[in-house]
Amino acid sequence: MMMKRSVKAIFGLSVFVLLLCTSVLLSLSASAYADDAAALAGGMKARIGEAADGAYYDSLNAALNAVKEGETVTLLADDTLSPVSISVSFTLNGGDHTLSATGASGAYLFTLTGKTVTIDHLRVSDNTADGVILVASNTSLTVSNCSFTAKNGIKVNESCIAGVT
């Protein structure tokens, strides 16, 4: 009899803990989405860090100018990009959004001089830029799930491209 009560108590406690964990996970997902949705409604187009505690920016240019070593920039909406030079290791998650260029004639949209750069799920559509990415020496670039439409694509100067898919 005592054993049956212990088993029932343990089972009841296990179910409670499982429901509590599920509730916490669902609330985290909902708040992360709400933060991005609120940021989009406020005109923000990019985020550095996770949605729950990230910093939001009104343009990808602003986020790329603020990115620090090892951080991730997430594009939240289509945007227009002016040429930018970045000298830190970072990840750009394009979120399957499209970038167009402004003021890029005679320049590359991204000039990368960081140690390790990853660009994922990004579309760039512009024919005014000389190219999309200029990779300087000693930079490792990984590009995946991206499409680039420009006069030139990626120019590598004494660098290593880790992977292109």
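**Exercise 1.** Among contacts in the protein chain between residues at least 6 apart in sequence, what percentage join residues at least 24 apart?

*Solution.* The model is a predicted one, in which local features need pLDDT of at least 70 and side-chain atom pairs count only at pLDDT 80 or more, while totals for chains, interfaces and linings use all residues. Residues are numbered from 1 along each chain as its sequence is written, and side-chain values use heavy atoms, with hydrogens and water left out. A contact means heavy atoms within 4.5 Å; of the contacts between residues at least 6 apart, 40% join residues at least 24 apart.

**Exercise 2.** Locate the salt bridge of D36 and classify both partners by burial.

*Solution.* Begin with the criterion, a side-chain nitrogen of Lys or Arg within 4 Å of a carboxyl oxygen of Asp or Glu. D36 belongs to helix α1 (residues 2-41) and R47 to strand β1 (residues 46-48), 11 residues apart, where helices (H or I, at least four residues) and strands (E, at least two) are DSSP runs numbered from the N terminus. Finally, D36 and R47 are both buried, buried being under 20% relative accessible area, exposed over 50% and partly exposed in between, with a 1.4 Å probe and protein chains only.

**Exercise 3.** Find which parts of the chain the salt bridge between E69 and K115 ties together, and classify each partner.

*Solution.* The side chains of E69 and K115 meet at 3.6 Å, N to O. E69 lies in the loop between α2 (60-66) and β3 (71-75), and K115 in the loop between β7 (108-112) and β8 (116-125), so the pair ties together parts 46 residues apart in sequence. E69 counts as partly exposed at 44% relative accessibility, whereas K115 is exposed at 55%.
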